[in-house]
Structures are given as structure tokens and as C-alpha cells.
Amino acid sequence: MDLKKCKILLDAIDYRNLSKVAKDYGYTPSGIWHMIAAIENELGFPLFISSTSGVIPTDNCLRLAPALRELLKCNERLAHTMAEIRGVKSGSLTIGTYPSVSIQWLPHVIKAFQADYPGVAIQIREGIRQELQGWLDDSSVEMCFYTWRPKMKCAWIPLRDDPVVAVLPLDHQLASSPSYPLARCRDEKFIMPALGRDEDIAAILEEAGISPKIAFSTIENYAAISMIECGLGMSIMNELITKGRLNKVAILPLDPPCRINFGIALPSLAKASPAAREFIEYAKRMIPEM
């Protein structure tokens with residue numbers, strides 16, 4: 001199977017929409033179907049099941065995906081190494097990240113990096129921690145910018161700490177207080193992001209022996225902040241999330257203070273592409289100073 005077919009097949013697995021894949025590659029949807037049919041004939045088993053909402057990968061197709069991703073990564077590393085030998089940086093990077101990091105930090109890192117290495121294309125994929133970890137595990141991304149958790153099975157490069165704050169409606173009785181007692185979360189209408197399980201926040205609450213009454217759950221923290229603005233409850237989150245928007249909420253430091261550690265996770269620094277290692281160096285220099 002040639003590399004272009006590998007890329008198309010993986011995009012079909014990720015998007016589950018052949019019309020989008022066809023548009024990206026300049027084909028018609030029927031052309032993509034014919035290509036997939038040819039791959040199925042080559043492999044000897046079906047890859048997708050058609051549905052009303054798109055296509056569904058078969059179990060065998062999903063088993064094949066990690067090997068295809070690794071094949072593309074090996075080819076990318078070869079291209080990077082050849083370019084490095086020639087004294088030229090080229091290729092591509094796919095980075096997974098929290099939305100807050102992609103808004104506040106990564107644009108500055110990318111600008112500096114591409115000023116020196118304009119030949120490297122960068123793709124950003126935003127998600128909650130559960131999504132980012134899944135993309136890292138199946139090699140959909142080369143690295144992830146997120147927060148440290150114990151027992152992580154990957155290389156970890158710490159960047160900087162970020163305080164955790166309480167986010168309250170403006171009419172909350174503690175809105176003008178100098179700090180927010182963490183224990184008060186037991187008695188609040190709590191809004192929990194990340195599909196109702198923000199791992200960073202859940203760990204802080206569990207360590208403090210607090211089981212909040214979760215009134216609402218969201219996917220993104222920004223949606224949670226909007227709900228807090230409407231007086232639907234409160235939450236705690238890292239301070240970086242609250243930056244860069246006009247928040248009509250009260251933001252208070254926690255008592256006792258809590259912090260989380262941001263960094264970069266990747267399967268192996270030794271096996272990372274030259275462009276990935278260079279991008280990490282830019283992030284290590286710039287983000288701690290932001």
C-alpha cells in the first residue's frame with residue numbers, strides 16, 4: 001500500500017466522512033470509495049461499513065490503523081533525517097493540545113519556530129485530556145501539551161505551573177472575598193468540564209476528600225464559564241483557561257492554594273522527529289516566560 005493510500009485511509013478512519021476526505025484530496029466521494037475498495041481487495045478484508053451518517057471502520061480496520069500510523073511516522077522521520085543531513089528542516093508536525101494552551105501559548109511558539117523553519121507544516125488538534133491521551137496512544141499526534149498526572153506511560157517535559165482558581169457568579173456571596181475555601185465546593189452547585197470528569201480538577205477534589213454536587217457537566221471549560229456567568233453554578237479550573245476572554249465572573253485564588261503542571265507528553269523523545277525535538281526546544285525556552 002503506498003503512503004498516499006495510507007493517509008487517505010487514516011483520514012477516513014478519523015473523519016468517518018468520505019466527502020470530507022474527498023474534498024481534502026481533490027477527489028470525488030465515489031473516487032475515494034473506489035480507492036478504498038481497491039485497498040480492501042489488496043488486503044483481503046472489508047475496512048468500512050456504510051451508514052446514514054458516514055462510514056464506520058470495521059474492527060480489522062481499527063486494528064490496522066496503529067501500524068499505518070507508525071508507517072507514516074517512520075517515513076516522516078526518514079524525510080526529516082534526510083532534510084537534516086542536507087541542512088534543511090522540512091516535514092510536518094501534528095500537535096495535540098488543550099484549547100487554553102493553543103490560544104495563550106502555542107501561537108507565539110509557532111511564530112518563532114516557523115520564522116526559522118518555514119518548511120515545517122504544523123497541524124493543531126484541540127481536545128480534552130481523554131481525547132488527547134487517545135490521540136497520543138494511537139499516534140494521531142506526535143506530542144501533546146497538557147497537564148501531568150501520576151503514572152503516565154510516556155516521556156514528560158515539564159514547562160510551567162499554573163494556579164487553580166475558583167470561578168464564581170458575580171452575585172456569589174464570596175465574590176469579593178480575597179480567596180475561596182476549597183472545602184466550600186461540597187455545598188455548591190458545581191459545574192464539571194471534560195464530559196463530567198476533568199482529571200486535573202477531580203484529582204484536587206479527591207485529594208481534599210471533597211465530593212462536589214455536580215449540577216452540570218460540559219465538554220469545554222469555556223462553556224462552563226458561560227454557565228457560571230449566567231448564575232448556574234461555580235467551578236474550579238486552572239487560571240490559564242480564564243485568560244483571553246471578557247469574563248463576567250469572579251475569579252479567586254483557592255485556600256489552600258493549588259497548582260497544576262503543564263508540559264509536553266510524547267511516546268519517546270529519542271524517537272521523535274528532528275522537527276518535533278526542535279519545536280520542543282522552542283516551547284521549553286518560551287512558555288516558562290509567558
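Good morning, colleagues. Because this model is predicted, local features need pLDDT of at least 70 and side-chain atom pairs count only at pLDDT 80 or more, while totals for chains, interfaces and linings use all residues. Residues are numbered from 1 along each chain as its sequence is written, and side-chain values use heavy atoms, with hydrogens and water left out. Helices (H or I, at least four residues) and strands (E, at least two) are DSSP runs, numbered from the N terminus.

I begin with the helix pairs. Two packed helices are described by the angle between their axes and the distance between the axes. Axes here are lines fitted to C-alpha atoms, for helices over the stretch in contact, with angles from 0 to 180 degrees between N-to-C directions.

Helix 1 (residues 3-15) and helix 2 (residues 18-25) have axes that come within 9 Å and cross at roughly 140°. The two are therefore oblique to each other; angles under 35 degrees count as roughly parallel, over 145 as roughly antiparallel, 65 to 115 as roughly perpendicular and the rest as oblique. Contact means heavy atoms within 4.5 Å. Lys4, Lys7, Ile8, Asp11, Ala12 and Tyr15 in helix 1 meet Leu18, Lys20, Val21, Asp24 and Tyr25 in helix 2.

The second pair is helix 6 (residues 106-116) and helix 12 (residues 274-286), whose axes come within 10 Å and cross at roughly 125°. That makes helix 6 oblique to helix 12. Among the residues of helix 6 that meet helix 12 are Leu106, Val109 and Phe113, and the partners in helix 12 include Phe279, Tyr282 and Met286.

Let us turn to helix 9. Which residues are buried in helix 9 (residues 199-207)? They are Asp200, Ile201, Ala202, Ala203, Ile204 and Leu205, where buried means under 20% relative accessible area, exposed over 50%, and partly exposed in between (1.4 Å probe, protein chains only). These buried residues pack against several strands, including strand 5 (143-147) and strand 6 (155-169). At the N-terminal end, Asp198 caps helix 9, with a side-chain oxygen 3.1 Å from the backbone nitrogen of Asp200. Gly209, with a positive phi near 70°, follows helix 9.

Finally, I consider His172, located in the loop between strand 6 and strand 7 (180-181). His172 is buried, with a relative accessible area of 15%. A polar atom of the His172 side chain lies 2.9 Å from the backbone nitrogen of Leu174. Leaving aside neighbours within four places in sequence, His172 is in contact with Tyr180, Arg184 and Glu188.

Conventions. A polar contact is a pair of N or O atoms within 3.5 Å; within protein, one must be able to donate a hydrogen and the other to accept it, and residues adjacent in sequence count only if both atoms are side-chain atoms.
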